[in-house]
Amino acid sequence: FLSPQVDSANAGRVLASDAAVFLKKSGLTDLILGKIWDLADTDGKGILNKQEFFVALRLVACAQNGLDVSLSSLNLPVPPPRFTDTSSPLLLSGTVSSDVPWAVKLEDKAKYDAIFDSLNPVNGLLSGDKVKPVLLNSKLPVDILGRVWELSDIDHDGMLDRDEFAVAMFLVYCALEKEPVPMSLPAALVPPSKRKSISVPGAMPLIASSTKESHQSLPPVGILAAKTSLTQ
């Protein structure tokens, strides 16, 4: 029932070390994967049996489709989980196509760029310390803001460039409109500048926010306060 990838000893169970390697191919963050493991490994022995492994896969599918990682999500209808095998030529099928339009509109990008420039980027990058006050000023829950940061720091260098900052602002505005922040970055949100090097497991359709015109009615960029005191 388990592929040789995760059950190398063919013992009908999966060790934490084997599962970790396999689950990382889902493209989810370590934080989310840790939560998934904790929920699936019900007896805390660091080993998953058949049923527990299926629970883990189901939770991966939930996370990839923007649902909460919780046992209450297990009964919700979701597509199968998606995994990218870096040793397989099929990797290409998981790469974001350059012809997928970026969800960030030009007029919104101009607003986000103005905020970005006002925060005094160094070498075209903003450190987490400079971005944090802007995120906090949205008054969103800290766990949501943490996920926004994880998703927008696409190259995981602890800094945001102009395009990554636009992704962060886009996600903040979505959250302010009471739309769920996804667990993994939707294909349409990956900036075109990042699409050659990043692989997103399966292109998850973007939540309707990309087509909504309600961005026009949003308060001006001042809500994310270009003037926010960087010392707060």
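1. Helices here are DSSP runs of H or I, at least four residues in length, numbered from the N terminus. The structure under discussion is a predicted model. With that convention, α6 contributes the largest share of the lining of the second largest pocket, namely five residues.

2. Two or more lining residues come from each of α2 (30-40) and α6. By residue class, the lining of this pocket divides into five nonpolar, three polar and five charged residues.

3. Helix α6 spans residues 142-152 and contains Trp149. Beyond residues up to four places away in sequence, Trp149 touches Ser127, Gly128 and Val131, as well as Gly158, Met159 and Leu160. A separation of 8.9 Å is found between the C-alpha atoms of Trp149 and Leu135, which stand 14 residues apart along the chain.

4. The largest nonpolar core comprises 34 residues, of which Val148, Phe165, Met169 and Leu189 touch the most other members. Two or more residues are supplied to this core by each of α4 (106-118), α5 (128-136), α6 and α7. The greatest contribution is that of α7, with eleven residues.

5. Which residues does Val148 contact, once its neighbours within four places in sequence are left aside? They are Leu135, Ala168, Leu171, Val172 and Val181. Val148 is also one of the residues that touch the most other members of the largest nonpolar core.

6. Lys194 is placed in the segment after α7 (162-176). Is this lysine buried or exposed? Lys194 has a relative accessible area of 11%, and it is therefore classed as buried, the cut-off being under 20%. Leaving out neighbours within four places in sequence, the contacts of Lys194 are Ile154, Asp155, Asp161 and Glu164. Three of these contacts, Asp155, Asp161 and Glu164, belong to the residue types counted as charged.

Terms used
Residues numbered from 1 in each chain as written. Predicted model: local features only at pLDDT ≥ 70, side-chain atom pairs only at ≥ 80, totals over all residues. Heavy atoms only, no water. Contact = heavy atoms within 4.5 Å. Buried < 20%, exposed > 50% of the residue type's maximum accessible area, 1.4 Å probe, protein only. Core = buried A, V, L, I, M, F, W, Y, C linked by side-chain atoms within 4.5 Å.
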